[in-house]
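Welcome, and thank you for opening the viewer. Shall we take a walk through the pockets, cavities and surface together? Please have your selection tool ready.

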Amino acid sequence: MRPKNRPSPHLSLADGSAPSRRPRAVLCTFAASVGLALAGCGSSGQGPAVGTGAAWRDPLSPVETRVADALSLLTLEEKVGQMAGTSLVTTRGLYLTPPNDRVGIPSFAMADGPRGVSAGTGPATAFPVGMARGATFDTALEERVGEAMGREMLARGGNVILAPTINLLYHPRWGRAQETYGEDPHALGELGAAFVRGAQRHVVATPKHFAVNNVENTRFDVSAEVAERTLRELFLPHFRRVADAGAGAFMSAYNRVNGIYCSENAHLLREILKDDWGFTGFVMSDWLLAVRSVAPSALAGLDVEMPQGDHYDEKLVEAVRSGEVPEATIDDAVRRILRAKVRFGLVDGTHPAPDPSVIAGPEHVALARQVARESLVLLRNESGALPLDASRLRSLAVVGRLADAANLGDKGSSSVNPAYPVTPLAGLRARAGSVPVAHVGTDAPSADDLRVIAEADAAVVVVGLTSAEEGEGLITIGDRRTMDLPEEQRRLVLDVARVQPRTIVVLEGGSAITMGDWGDAPAAILMAWYPGMEGGNAIADVVFGDENPSGRLPLSWPASEAQLPPFDNVSPAVAYDLFHGYRHLDRAGVAPRWPFGFGLSYTSFRLGSLRLADASVARDGMVRATVEVTNTGGRAGAEVVQLYVGFPGSAVERPVRELHGFGRVELAPGETRTVAIEFPARDLATWDEAAGGWRFEDLEYRVEVGTSSRDLPLTTALRIR
Ligand code: BGC
């Protein structure tokens, strides 16, 4: 049942530009990369001889023949040369690996990152952060985001994007929470795979950080202690999903797993990723300090040391000469590197860079706005406080230090230089038109300010986190110290809500923020995450009702931090079990402030007629469910239908329920549509520690469908045979 690690079928065919100048070569590269033998594509046995470089340069030869040819021409020193970056410092904003001009091997040119392209010096499209995109539950949209970033990377001269970040959010205080898509492995896998498909129409994608990377402050050394079952069932399924989607590269994590650094963790890199999952791409290290050894790293399956060869230099050559590392290990690494260079068109130049005008061009800007609109989660809306009706509003106050700030997220490796930022104030002003907007740009309003706020018809208060509260370790602030809102802002919300009944809080940040005593004070709360350069416009779209909010929480939102397992970013070793987020809350029987998957709308929906195509599915088959969704309200809107599976009577303790499918559907008022959700039955297997393999339990699996992990009106039974 080992998956074939197939490259994306879109590869080399759609780069958004006019058809390639070398259509035949493109077609053959593509056909070879997906294992197709096309007539006239070097399958006749008459192709150029291996060992001369002719096959390597021949776009009509099969990929593996080309790779073998180049490999046969390289000296040991040259092979090792391919296995490391050139410098800690970027060249034109790109981290490079060396070319080999003698054989004609091009460089990798890499840049971050998860919310937009950091390559080059100029601005780029700054998209909403990963967590915001997780809230869209919209895989088709995420594929478009991946594609746009891939296109911008290529236009900037890059060919490898250091994204997506798909680490599971074990705790909301993780400093890089914003970069990933949420707490659930299924959702992470689906969104990550969508990004990979999109990005890899242009460049190599690099899902990161493999694996169990959950804290910042101790990230360079901490050991994540996990049982094999926890690893396989919770921390790895999304990585397997992106490997199956054909990711060209993986980035290993800084931390250790069960005592062994990820960059030299043979269990993760070789046994699981390469041998078990059949990954044919290459593994690069995370950046400085990630690689700790020469032979153990190479033997474990680390193919490329980034950003420079501190270990993969003459020391690795020597390790081969002394017999410590077999040359076959080096050959395997270099084969993976060369394969990617062929597969992604680097060798043949089959992927001409698009015109730089695509960077933050109208299409990508519109996409950034659409993503931001879909990512906003309406958490609270009392007495129809939202949406505002611009035709009736006589005045609006916009309040808070963040109201006119470009608050786009962390300033670490994921930082993007936006073409421009639309702040919440700018977006609201533009949409309000002739309605007067009073700007109170402080978190400590004076008595006069409060009078202005009280006299307005409504107040939008922008509060939340910034890069001063959360970010990447060492480079920026690191993990959050608290899940609470900064104290001054807590008081601001209470003060404004006291004088203004129609107080709307727009909340920014990378993950859940506990509400303490202020959450019930405002009439409405809209979670905006770090919404990207078009964020202010998107906020105005939802506040004024041009867009019906459809974002859903990609993480559980606890009432207090005490509801969650502890967050430990000081100990040298931290143990993780199968229960975090909604899995933990369900097991503890605790009601969060808002459950995973939750989000309000300006309309209402009814779910019905849950059906399984087959109530008994073979182990290698697909579970197929359909459910009818009706928009029972008066506005068009989108709902995210979620399918969870429970394991009553399981012989081992399993989560009360796990997400195994979702579908986003847009409905006109009164409209009913059928949503189809499917997933492989193998996702329901449990890891058997004793046998060291997957096992299916003979159970009546409980399938639950609804609109959050705590609102599941539809249930049915399923068997796996
Ligand atoms: C981060 C990676 C990033 C790399 C290059 C590292 O510190 O952990 O996510 O891709 O730097 O910027």
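For sorting residues by class, Ala, Val, Leu, Ile, Met, Phe, Trp, Tyr, Cys and Pro count as nonpolar, Asp, Glu, Lys and Arg as charged, and the others, Gly among them, as polar. The model is predicted, so local features need pLDDT of at least 70 and side-chain atom pairs count only at pLDDT 80 or more, while totals for chains, interfaces and linings use all residues. Residues are numbered from 1 along each chain as its sequence is written, and side-chain values use heavy atoms, with hydrogens and water left out.

Select Ala 405, Leu 408, Val 422, Thr 423 and Pro 424, the closest to the centre of the largest cavity among the 14 residues that line it. A cavity is a set of points, on a 1 Å grid over the protein atoms alone, where a 1.4 Å probe fits but cannot get out; lining residues have an atom within 4 Å of a point. The space in this largest cavity is about 60 Å³. Its lining divides into 8 nonpolar, 5 polar and 1 charged residues, and helix α18 (residues 535-543) gives the most, with 3 residues.

Now select Leu 169, Tyr 170, His 171, Pro 172, Glu 183, Ser 556, Leu 564, His 580 and Gly 581, which line the second largest cavity. Its volume is about 50 Å³, and the lining has 4 nonpolar, 4 polar and 1 charged residues.

**Stop two: the largest pocket**

A pocket is an open set of grid points with protein on both sides within 12 Å along at least five of seven lines. The largest one here has a volume of about 530 Å³. Select Pro 237, His 238, Arg 240, Arg 682 and Asp 683: of the 25 lining residues, these are the closest to its centre. Next colour α9 (237-244), one of the elements that give two or more residues to this lining; α9 gives the most, with 5 residues. By class, the pocket lining has 9 nonpolar, 4 polar and 12 charged residues.

Move to Gly 198 in helix α7. Is Gly 198 buried or exposed? Gly 198 is buried, because its relative accessible area is 0% (buried means under 20%, exposed over 50%, partly exposed in between, with a 1.4 Å probe and protein chains only).

Finish at Val 89, in the loop between α4 (76-81) and β1 (95-96). Val 89 is exposed, since its relative accessible area is 58%.

Key. Helices (H or I, at least four residues) and strands (E, at least two) are DSSP runs, numbered from the N terminus. Grid points are joined across faces, edges and corners, and a volume is the space filled by probe spheres set on the points.
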